[in-house]
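User: I have a chain here and would like to go through it piece by piece. Please give a value or a name at the end of each reply.

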Amino acid sequence: MDINKRTILWIVFAVSLVVLWNNWMVSTGKPSMFAPAPAQTAKAPEAKKSDLPAATATAAAGASALPGAPAAAEAFKSERITVTTDLFRVDVDTLGGTIKRLELLKFKDGVDATKNEVLFDVDAGTGKTYLAQSGLIGAAGLPNHQTGFVAKPGPRMLGDANQVQLVLEAESAGVKLTKTYTFKRGDYTIDVRHDVTNVGAAPVKPELYLQLVHDGNKPAGDSYFNSSYTGPTLYTAEDHYKKLKFETLEKEAVEAAKTGKDAVQDHPTKADNGWFAISQHFFVSAFVPQDKLARTIFTKKVTTNQYAIGTIQQLGTLAPGATVTNEAKLYSGPQESKLLEKVSPGLELVKDYGFLTIIAKPIFWVMDQIHQVLGNWGWTIIAFTILIKLAFFPLSAAGYRSMAKVKLVTPKMQAIRERYKGDPAKMNQATMELYKTEKINPLGGCLPILVQMPVFIALYWVLQASVEIRGAPWVGWITNLAAPDPWYILPVLYAISMYITTKLNPAPADPMQAKMMLFMPLAFSVMFFFFPSGLVLYWVVNNVLSIGQQYVISKKFAPPAAANS
């Protein structure tokens, strides 16, 4: 087989597509093509269905009824209390003390820019369910997310204060549960305190559960070319970061229904640290339970198209009149590394850079430093692209020197093809002898490209995963670097620059291969119609710099014979 630069380039191109496709598969929760799917669940001792309230809050016209809830809960007239801070507007339902809506005031909706981004929400029309719930188990009738709470009077807006609190109280089965939500200025973390008091005459042994409930659907605006992982995630110091799948929870529930068991699982074991979350593109909601307190991490299917991930923590035995306090945190906001690192160890891992995290993190750090100087993410991408080109300039020069040598012997290679066109084995042998005689490494022009590929792929994930770039404008018509170019100007510029770059390179001897190389810019530009404009901007600048780079290298670093030819 005739080995030449174009063939190797096509191999690199094909491998790149496979790697990008594999990354997309993993980001959407599908198993990697290169490794067996990680174990998603480790079965816990069989749990009773009564251990956790099975129903979750749903929207209903004129009422807040709970499917499967006790009649007393159905009769309770709930009230939605709205708390507003400088960062979000939160609706808490007095039925269960559940957070039923959370609107981020600093981020616009990914589809409708006239609205704000909403995380927690319940919408019977669209079927959206995304809730934060908590309550007690361990004995019948203890206050839980189906119990009616009474809200204590107090301010509901932050105003000039640094924090505002919402206090909810409920009492049943001889136990009083007080939930206190503390909202702070400039903070996406909500402090969630549970005070449990035994107001009965006998000792009780309650357990506190915290859970996030989700409908299992990706957020609106998620597309084939700009998709990301949506699903439960968790972290413990022992087992580190894990991504789970709603599809897995559904399958487990089906299997449990067949065997008559309850579909509640531990993930992965009992622990006394860590957090659990629902992750989506750019945003995350994560419960951080009280540290150094034993817990069981569970997932389950709540009802049709509703799934939960949560923890159960034992509070010990409470004597009559005794009170125990449990303090947790609920982060609900953007996946900004600086913010996540302050909340809990490992929470920054929800900002998923894929398998090249070790390269992607330094890349983002450098880009963040540049952004602090330039103040615009579009110019930051351009400046970073220039830095990358300068860093790889010696490699590119070495690659071009190898390409130039190949170009010099192209007439001899064509003569060999003509002489042995009916005998591929002899053609290959003669070609390799020519390479040896001329001291040419046929892979020399491609090895520098292979070295740079991990950086390019890591940069792709940095631009794909960074909420800092979401909604960030560049110039003129580019008002959101995380969205496709509305006028397709950048994809067209990419096609033009790619065409020029292709024409500057030595033409392949094979006419069919030459036509395919000319077709590639068109194929990529059509694909880039759907890519975030920040990514396309990077490639346009990269190609423009490559054109200038090729000119400089051809004058400065090409072999003398090539320079004079």
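User: Through how many residues does a hairpin join β1 to β2?
Analyst: This is a predicted model, in which local features need pLDDT of at least 70, side-chain atom pairs count only at pLDDT 80 or more, and totals for chains, interfaces and linings use all residues. Residues are numbered from 1 along each chain as its sequence is written, and side-chain values use heavy atoms, with hydrogens and water left out. Strand β1 covers residues 80–84 and pairs with β2 in the antiparallel sense over five bridges, where strands (E, at least two residues) and helices (H or I, at least four) are DSSP runs numbered from the N terminus. Pairing requires at least two DSSP bridges between two strands, and the hairpin joining β1 to β2 passes through three residues.

User: Which residue in β2 is the bridge partner of I81?
Analyst: Strands of a sheet pair through backbone hydrogen bonds, either parallel or antiparallel. For β1 and β2 the sense is antiparallel. The bridge partner of I81 in β2 is V92.

User: How many of the six residues of strand β2 are buried?
Analyst: A residue counts as buried under 20% relative accessible area, as exposed over 50%, and as partly exposed in between (1.4 Å probe, protein chains only). Strand β2, residues 88–93, is largely enclosed by the rest of the structure because its buried residues number five.

User: Which residue in the turn between β2 and β3 has a positive phi?
Analyst: β2 is joined to strand β3 (residues 98–108) by six bridges, and the two run antiparallel. D93 has T98 of β3 opposite it. The hairpin has four residues between β2 and β3, and the one with a positive phi of about 90° is G96.

User: Which strands stand at the edges of the open sheet?
Analyst: The sheet has nine strands in the order β7-β8-β9-β10-β19-β16-β15-β12-β13, with antiparallel pairing. Two of these, residues 150–151 and 240–243, each have a single partner strand, so one side of each lacks a neighbour in the sheet; they are β7 and β13.

User: In β19, what is the bridge partner of R193?
Analyst: β10 (residues 189–198) pairs with β19 (residues 323–334) in the antiparallel sense, over nine bridges. Within β19, R193 has as its bridge partner E327.

User: Are the planes of the rings of Y460 and F531 stacked, edge-to-face or tilted?
Analyst: Rings of Phe, Tyr and Trp (its six-membered ring) pair if their centres lie within 6.5 Å; planes under 30 degrees apart count as stacked, over 60 as edge-to-face and the rest as tilted. The whole structure holds 19 aromatic pairs. In one of them, the ring centres of Y460 and F531 lie 6.2 Å apart and the planes are at 50°, so the pair is tilted.

User: How many residues apart are Y460 and F531?
Analyst: Both Y460 and F531 are buried. Y460 lies in helix α10 (residues 447–465), while F531 lies in the loop between α12 (511–528) and α13 (533–556). The pair links distant parts of the chain, with a separation in residues of 71.

User: With which residues is N376 in contact, leaving aside its neighbours within four places in sequence?
Analyst: N376 sits in the loop between α5 (357–374) and α6 (377–391) and is buried, at 15% relative accessible area. Its C-alpha atom is 7.5 Å from that of a residue 97 positions away along the chain, P473. Contact means heavy atoms within 4.5 Å, and the partners of N376 are H371, P473 and W474.

User: About how much accessible area does the nonpolar patch that includes Y499 have together?
Analyst: Patches are made of residues with over 30% relative accessible area and no salt bridge, with like charges joined within 9 Å and nonpolar side chains (Val, Leu, Ile, Met, Phe, Trp, Tyr) within 5 Å; a salt bridge is a side-chain nitrogen of Lys or Arg within 4 Å of a carboxyl oxygen of Asp or Glu. Y499 lies in helix α11 (residues 489–504) and is partly exposed at 41% relative accessibility. Areas come from the Shrake-Rupley method with a 1.4 Å probe, and for residues only the protein chains shown count as cover. Together with W487, Y488, I489, V492, L493, I496, I500 and L504, Y499 forms a surface patch with an accessible area of about 880 Å².
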